Amino acid sequence: MTAKPPAPVTLAGTHVRLEPFDRIHLSDLFAATGRDEEVWRWIPVPVPQTEHQLAERIDVWRDNGFLPFAVVGQETGRTIGLTCYLDISTADERLEIGGTFYARSHWRTAVNTEAKLLLLAHAFEELGMGRVCWKTDSRNERSRNAISRLGARHEGTHRRDRHCPDGTFRDTVYFSMLRDEWPAAKVRLTERLAAG
């Protein structure tokens with residue numbers, strides 16, 4: 001089976017709604033994450049200091065094949081983060097989830113778990129993907145732990161993989177989940193969300 005390419009779609013959960021990113025999300029997203037060194041610490045791009053810089057960053061990602069989703073809080077209707085599909089290959093039935101960042105006030109809440117549950121369900125069940133992967137800076141323990149909690153498997157580390165804005169190079173840790181691993185992961189993630 002050949003996978004289908006992802007198209008802009010809204011994916012709704014209890015805590016968050018993922019909407020195709022549009023300029024209407026920009027002001028809230030910048031208010032939630034802009035200028036915050038800690039939010040952008042492990043993303044290998046300069047910290048956006050203005051809404052315009054944030055918009056430019058997302059445009060560059062789009063130009064490079066990213067499909068960005070605004071992460072909108074269901075209770076408030078405010079944009080609290082961004083997450084993307086990228087590195088998409090329908091012939092190989094794979095994609096990556098990345099370009100993810102949230103307001104610090106939503107770290108270690110149900111937001112990331114539910115956003116990833118929505119993206120994974122869409123990728124495996126609607127698009128027919130056979131593999132979903134994630135990459136993160138080896139120094140980013142919070143991100144590595146969050147990816148592991150999703151049920152993803154560690155695959156290895158690409159040493160001196162990315163040049164960072166501060167002049168250093170990052171080692172990139174790779175994780176993945178395969179189609180046959182998804183049903184068990186879905187049960188665990190659903191149970192975790194239900195438990196609060």
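## Salt bridges

The chain has 13 salt bridges, where a salt bridge is a side-chain nitrogen of Lys or Arg within 4 Å of a carboxyl oxygen of Asp or Glu. The model is predicted: local features need pLDDT of at least 70, side-chain atom pairs count only at pLDDT 80 or more, and totals for chains, interfaces and linings use all residues. Residues are numbered from 1 along each chain as its sequence is written, and side-chain values use heavy atoms, with hydrogens and water left out.

One of the bridges joins glutamate 96 to lysine 135, with an N to O distance of 3.2 Å. This pair links distant parts of the chain, since glutamate 96 lies in strand β5 and lysine 135, 39 residues apart from it, in strand β6 (residues 131-137). Helices (H or I, at least four residues) and strands (E, at least two) are DSSP runs, numbered from the N terminus. Glutamate 96 is buried at 4% relative accessibility, while lysine 135 is partly exposed at 23%. Here buried means under 20% relative accessible area, exposed means over 50%, and partly exposed is in between (1.4 Å probe, protein chains only).

Aspartate 137 and arginine 139 also form a salt bridge, at 2.8 Å from N to O. Salt bridges with shared partners join Asp87, Asp92 and Arg94 into one network. Glutamate 38 bridges to arginine 41, with the closest N and O atoms 3.6 Å apart; glutamate 38 has a relative accessible area of 29% and is partly exposed.

## A buried lysine without a partner

Which helix holds lysine 116? Lysine 116 is in α4 (residues 110-126). Lysine 116 is buried but has no salt bridge, and the nearest side chain of opposite charge, that of glutamate 96, is 11 Å away. For such assignments, Lys and Arg count as positive and Asp and Glu as negative, while His and the chain ends are not counted.

Leaving out residues up to four places away in sequence, lysine 116 touches Thr83, Ile97, Thr100, Tyr102, Trp134 and Leu150. Contact means heavy atoms within 4.5 Å.

Helix α1 (residues 26-33) has buried residues at Leu26, Asp28, Leu29, Phe30 and Thr33. These buried residues pack against α2 (37-40), α3 (51-63), β4 (79-89) and β5 (94-102). Just after α1, arginine 35 adopts a positive phi of about 65°.

Proline 6 belongs to the segment before β1 (11-12) and is buried, with a relative accessible area of 15%. Not counting residues up to four places away in sequence, proline 6 touches Leu67, Tyr85, Ile88 and Leu127. The C-alpha atoms of proline 6 and leucine 95 are 9.5 Å apart, although the two residues are separated by 89 residues along the chain.

## A positive surface patch

Arg108, Arg149, Arg188 and Arg192 gather in a patch of positive charge on the surface. Patches are made of residues with over 30% relative accessible area and no salt bridge; like charges are joined within 9 Å, and nonpolar side chains (Val, Leu, Ile, Met, Phe, Trp, Tyr) within 5 Å. The place of a charge is taken as NZ of Lys, CZ of Arg, CG of Asp or CD of Glu.

Arginine 192 is located in helix α6 (residues 182-195) and is partly exposed, with a relative accessible area of 32%. Accessible areas come from the Shrake-Rupley method with a 1.4 Å probe, and for residues only the protein chains shown count as cover.
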